Amino acid sequence: GNLPKEVFARPELVRYEDYREVIEQIIEFCQTSLPFRVSRIGKGGSLGHDTATKSRSDIDLVLYSEDLPKTGHARWLPSIISALASLLKDSQKMLTKAEKPSK
């Protein structure tokens, strides 16, 4: 058959608002449940910059804290990131269990 010479594909956009609730839960968790104070959280990534699509979206959260050392990041940052990942996974499991209706 005859195919059109030009095909325009428009990605389906995703808005920050679509993920606001879960992002705000993560932010609240970081502000209240970490073993150090978080003075500010910056948002980036495609959701933070409102450029997300259904096939490609992410959120980057940057935590600012005066409690962490200003140097030697290679020594201590990997363990903090690993601990954060574990805490977030555990909290996700608890949220999932809490959302399931009890029989």
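Predicted model: local features only at pLDDT ≥ 70, side-chain atom pairs only at ≥ 80, totals over all residues.
A pocket is an open set of grid points where a 1.4 Å probe fits, with protein on both sides within 12 Å along at least five of seven lines, and its lining residues are those with an atom within 4 Å of a point.

Select Ile-26, Cys-30, Ile-59, Leu-61, Leu-63, Leu-84 and Leu-88, which together line the largest pocket. Helix H1 (16–32), strand E2 (60–64) and helix H3 each give two or more residues to this lining, and the lining is made up of 7 nonpolar residues, with no polar and no charged ones. The volume of this pocket is about 200 Å³.

Before moving on, colour the chain by confidence, whose mean pLDDT is 82, with 82% of the residues reaching 70 or more. Among the elements to look at are strand E1 (residues 40–44), where confidence is highest at a mean of 93, and helix H3 (residues 73–99), where it is lowest at 82.

Next, select Asp-67, which is found in the loop between E2 and H3. Which residues does Asp-67 contact, once its neighbours within four places in sequence are left aside? They are Phe-36 and Arg-37, and if you show the side chains of Asp-67 and Arg-37 you will find them joined by a polar contact of 2.6 Å.

Is Thr-53 buried or exposed? Its relative accessibility is 13%, so Thr-53 counts as buried, the cut-off being under 20%.

The last stop is Arg-15, in the segment before H1. Arg-15 has a relative accessible area of 47% and is therefore partly exposed. When residues up to four places away in sequence are not counted, Arg-15 touches Leu-47 and Asp-50. Finally, select Ser-57 as well: 42 residues separate it from Arg-15 along the chain, while the C-alpha atoms of the two residues are 9.5 Å apart.

Notes:
Residues numbered from 1 in each chain as written. Heavy atoms only, no water. pLDDT = per-residue confidence, 0-100. Helix = DSSP H or I, 4+ residues; strand = E, 2+ residues; numbered from the N terminus. 1 Å grid on protein atoms, 1.4 Å probe; cavity = no way out; pocket = protein on both sides within 12 Å on 5 of 7 lines; lining within 4 Å. Points joined across faces, edges and corners; volume = space filled by probe spheres on them. Nonpolar A, V, L, I, M, F, W, Y, C, P; charged D, E, K, R; others polar. Contact = heavy atoms within 4.5 Å. Polar contact = N/O pair within 3.5 Å; in protein donor to acceptor, adjacent residues only side chain to side chain. Buried < 20%, exposed > 50% of the residue type's maximum accessible area, 1.4 Å probe, protein only.
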